Amino acid sequence: QLSLVESGGGLVQPGGSLRLSCVASGFSFDYYAIGWFRQAPGKEREGVACINSSGGRTNYDAIVKGRFTVSRDNAKNTVYLQMNSLKPEDTAVYYCAADYSEICQEHGDDYKQRFEYDYWGQGTQVTVSS
């Protein structure tokens, strides 16, 4: 059965860190780029980071660049999002999504086109609050 499952969310104080995981099953994970998106209450889902199929190329939204790091372990069918220096405005449900294309480029916003992605996880809640 095909699935993406996120985990690692929770409640953290401002300035803290969390590492999200996205575990894939049921498809050839190492052929897919992965995007990380988030959606805060009352807001649209927005792309924050991506990583290409091999892990050699990443891209970040300016809002998270320098604080978030995306990586992957294809042997474990897993992508990670390390989030440091978290802010209250990072509070959202975080989703991972898989795309069978070269959507993740080092520059540009193509990876933010959420309708291009083939598979989505169910999301994990991240709350940053004191």
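Predicted model: local features only at pLDDT ≥ 70, side-chain atom pairs only at ≥ 80, totals over all residues.
User: How many disulfides does a search of the whole structure find?

Analyst: The search finds two disulfides. Cys22 is bonded to Cys96, and Cys50 is bonded to Cys104.

User: What is a disulfide, in general?

Analyst: It is a covalent bond joining the sulfur atoms of two cysteines.

User: Which parts of the chain does the pair of Cys22 and Cys96 link?

Analyst: Cys22 lies in strand β3 (residues 18–25) and Cys96 in strand β9 (residues 92–99). These are distant parts of the chain, with the two cysteines 74 residues apart. Their sulfur atoms are 2.1 Å apart, and the link is right-handed, with 75 degrees about the S-S bond.

User: Why does Cys96 count as buried?

Analyst: Cys96 counts as buried because its relative accessibility is 0%, and buried means under 20%. Cys22 is also at 0%, so Cys22 counts as buried.

User: And where are Cys50 and Cys104?

Analyst: Cys50 is in strand β5 (residues 46–51), whereas Cys104 is in the loop between β9 and β10 (119–120). The two are 54 residues apart, and this pair too links distant parts of the chain. The sulfur atoms of Cys50 and Cys104 are 2.1 Å apart.

User: Are those two buried or exposed?

Analyst: Cys50, at 0% relative accessibility, counts as buried. Cys104, at 1%, counts as buried.

User: What is the pairing when the bonded cysteines are numbered in sequence order?

Analyst: The pairing is 1-3, 2-4.

User: What does Tyr94 touch?

Analyst: Leaving aside residues up to four places away in sequence, Tyr94 touches a set that includes Glu6, Leu20, Phe37, Phe68, Leu81, Met83 and Val126.

User: Now the largest pocket: what is its volume, and which residues line it?

Analyst: Its volume is about 180 Å³. The lining includes Arg38, Lys43, Glu44, Glu46, Ile63, Pro88 and Glu89.

User: How does that lining divide by class?

Analyst: The lining has five charged, four nonpolar and two polar residues.

Key: Residues numbered from 1 in each chain as written. Heavy atoms only, no water. 1 Å grid on protein atoms, 1.4 Å probe; cavity = no way out; pocket = protein on both sides within 12 Å on 5 of 7 lines; lining within 4 Å. Points joined across faces, edges and corners; volume = space filled by probe spheres on them. Nonpolar A, V, L, I, M, F, W, Y, C, P; charged D, E, K, R; others polar. Disulfide = S-S within 2.5 Å. Helix = DSSP H or I, 4+ residues; strand = E, 2+ residues; numbered from the N terminus. Buried < 20%, exposed > 50% of the residue type's maximum accessible area, 1.4 Å probe, protein only. Contact = heavy atoms within 4.5 Å.
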